Amino acid sequence: MVEVRILRENTPKAITALEKRGIETAEQMIREVIELDDQRKELQSKTDALLQKVNEQSRAIGDLYKQGMTSEANEAKELVRQWKVDITAFQEEMDAVMSNLEHALLAMPNLPHDSVPAGQDESDNEVVELHDHFGTDSEDWYKPHWELMEKYDIVDLALGAKITGSGFPVYKGQGARLQRGLIQFFLNEAVSAGCLEVIPPYVVNADSARGTGQLPDKDGQMYYVQKDDLYLIPTSEVPLTNMFRNEILEAAKLPFKLTAYSPCFRREAGSYGADVKGLNRLHQFDKVEMVVISHPENSYEMLDWMVNHTKKLLEKLELPYRVVRLCGGDLGFTSALTYDFEVYSVAQKRWLEVSSVSNFETYQSNRMKMRYRNDEGKTELVHTLNGSVLALPRIMAAILEKNQTKTQIDLPEVIKPYVGFDCIK
RNA sequence: GGUGAGGUGGGUGAGUGGCUUAAACCAUCAGUUUGCUAAACUGACGUACCGCAAGGUACCGAGGGUUCGAAUCCCUCCCUCACCGCCA
């Protein structure tokens, strides 16, 4: 959630930022939060003052009893009882204000970074880089990846549907080996770049889901295990970032750079149409993720570092791609700045999102109370970032389509040692 | 799933209703002393909120309750450990 401090310190700027998301009531939302916070402060002062009197009086009562002054003690007790009625009333009021404040803050998305363009939806996103030197030309005979999957019998959606349901693919033979090789490749690259490799739990509790912002706003998107009150992770961002929930980190040890492979589970309720064909959208998919816990001062340098890392991966895989800066309307709820990476699908003739690299600034760390100690010994919130490096299905789709010949699929050089063969046939 | 024992600051650990404002020790930091290191001594040493400040309030796994007053008594839940059962 947004820090109230930021809203107070530069209210006009915060309003402008929030309006970039297309929220017309931005000013009203922000004023309401500040107003509630004022109320909270006032109630806190009043309650504390009264509690102080009760504490002092209670100690006095103890002394009176020791001196055997029972009747005086009983009179004093009556006084305390009356104060406690007031305290209870204040506390109820306080609970109500806190609850309203919490709701107002949970309903408020992160403030977009200065560089984020205003806009409604993905058509307003800004293409900041285009790298098509690996070719975006298509031949008439090119088959889309779902036909190639069937032709070479490497990914079987129908079989997955039989075992589980639609959107749960079965990778077979060279398909399975390519998938495994890509995961290994992505992990190795992340580790070489200085990340700590982690194997996290694939199921998390509600506190963790709340910490990274999946709850309450993406409740319906996650698979939920009712009996144990646990959620299947939609991305390993959730367990990785929550490793540091409620921790105070040493400034000298920042940044923490983590990477993990995990399957990702998404219900994707409500999605339909051509977008979901083949590997384009699945309920279970594989992804290698990178999470960075950064000092606030250099979080945007870390963001650039992650962007560059992702670019290198796509270069090595010899895929045409572009980098897109999301506009306010398309920006994720918790993000301040997001770059999407899209690879070109030569058979589908469209761009497919394969990575999303974001800086959340203090939005997640505020919710999670993730702090570091500054030079003066005070605690401050860290910045959190994450990015996909990379999501597997669409990468596989793009590789299959781009490298197809009439008789086989050649693999990019870099991946050959990882899979142990040169082509799929 | 069953039985039992537990959960107190960075760590160990005392604390069965008011002398706890959470002792003591260890660790850490600063200072003194000192060829260096070490030792010794002195001091500092949790988090959050309110307050310009002085200061105040809350927190002893979590949430309720009893009481003038709760780390301490009561209730519910969570977690950890041990053993048993099941099991890759």
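This is a predicted model: local features need pLDDT of at least 70, side-chain atom pairs count only at pLDDT 80 or more; totals for chains, interfaces and linings use all residues.
I took helices (H or I, at least four residues) and strands (E, at least two) as DSSP runs, numbered from the N terminus. Two strands count as paired if DSSP finds at least two bridges between them. Strand 5 pairs with strand 7 (residues 230-232) over three bridges, in the antiparallel sense. I checked one bridge by residue: Val203 has Leu232 in strand 7 as its partner.

I then looked at the loop between strand 6 and strand 7, where Asp229 sits. Asp229 has a phi near 55 degrees, which is positive although the residue is not glycine.

**Conventions**

I number residues from 1 along each chain as its sequence is written, and I letter chains from A and number ligands from 1 in the order in which they are written. Local features need pLDDT of at least 70, side-chain atom pairs count only at pLDDT 80 or more, totals for chains, interfaces and linings use all residues, and side-chain values use heavy atoms, with hydrogens and water left out.

**Helix packing**

I looked up helix 3 against helix 4: their axes come within 8 Å and cross at roughly 160 degrees. Axes here are lines fitted to C-alpha atoms, for helices over the stretch in contact, and angles run from 0 to 180 degrees between N-to-C directions. Angles under 35 degrees count as roughly parallel, over 145 as roughly antiparallel, 65 to 115 as roughly perpendicular and the rest as oblique. Helix 3 and helix 4 are therefore roughly antiparallel. The crossing of helix 3 past helix 4 is left-handed; that term applies if the near helix is turned anticlockwise from the far one by less than a right angle, and right-handed applies if clockwise. Their contact has 22 nonpolar, eight polar and eight charged residues. Ala, Val, Leu, Ile, Met, Phe, Trp, Tyr, Cys and Pro count as nonpolar, Asp, Glu, Lys and Arg as charged, and the others, Gly among them, as polar.

For helix 2 (residues 11-19) and helix 3, I noted axes within 8 Å and a crossing angle of roughly 135 degrees. This pair is therefore oblique, and its crossing is right-handed.

**RNA strand B**

I listed 21 residues around RNA strand B, of which Arg40, Ser45, Ser58, Lys84 and Thr379 come nearest; a residue is near if one of its heavy atoms lies within 4 Å. Sugar and phosphate make up 76% of the RNA strand B atoms that come within 4 Å of the protein.

I then went through side-chain N or O atoms. One in Arg40 is 2.5 Å from a phosphate oxygen of RNA strand B. In Ser45, one is 2.2 Å from a sugar or linking oxygen. Asn55 has one at 3.4 Å from a phosphate oxygen. Helix 3 (26-66), helix 4 (70-106) and strand 14 (371-373) are the elements that give two or more residues to this surface. Helix 3 gives the largest share, 13 residues.

**Cis peptides**

I found a cis bond between Leu254 and Pro255, with omega about 0 degrees. Pro255 lies in the loop between strand 8 (248-250) and strand 9 (256-265). I also noted a cis bond from Val389 to Leu390, omega near 5 degrees. Leu390 is in strand 16 (residues 383-391).

Key
A polar contact is a pair of N or O atoms within 3.5 Å; within protein, one must be able to donate a hydrogen and the other to accept it, and residues adjacent in sequence count only if both atoms are side-chain atoms.
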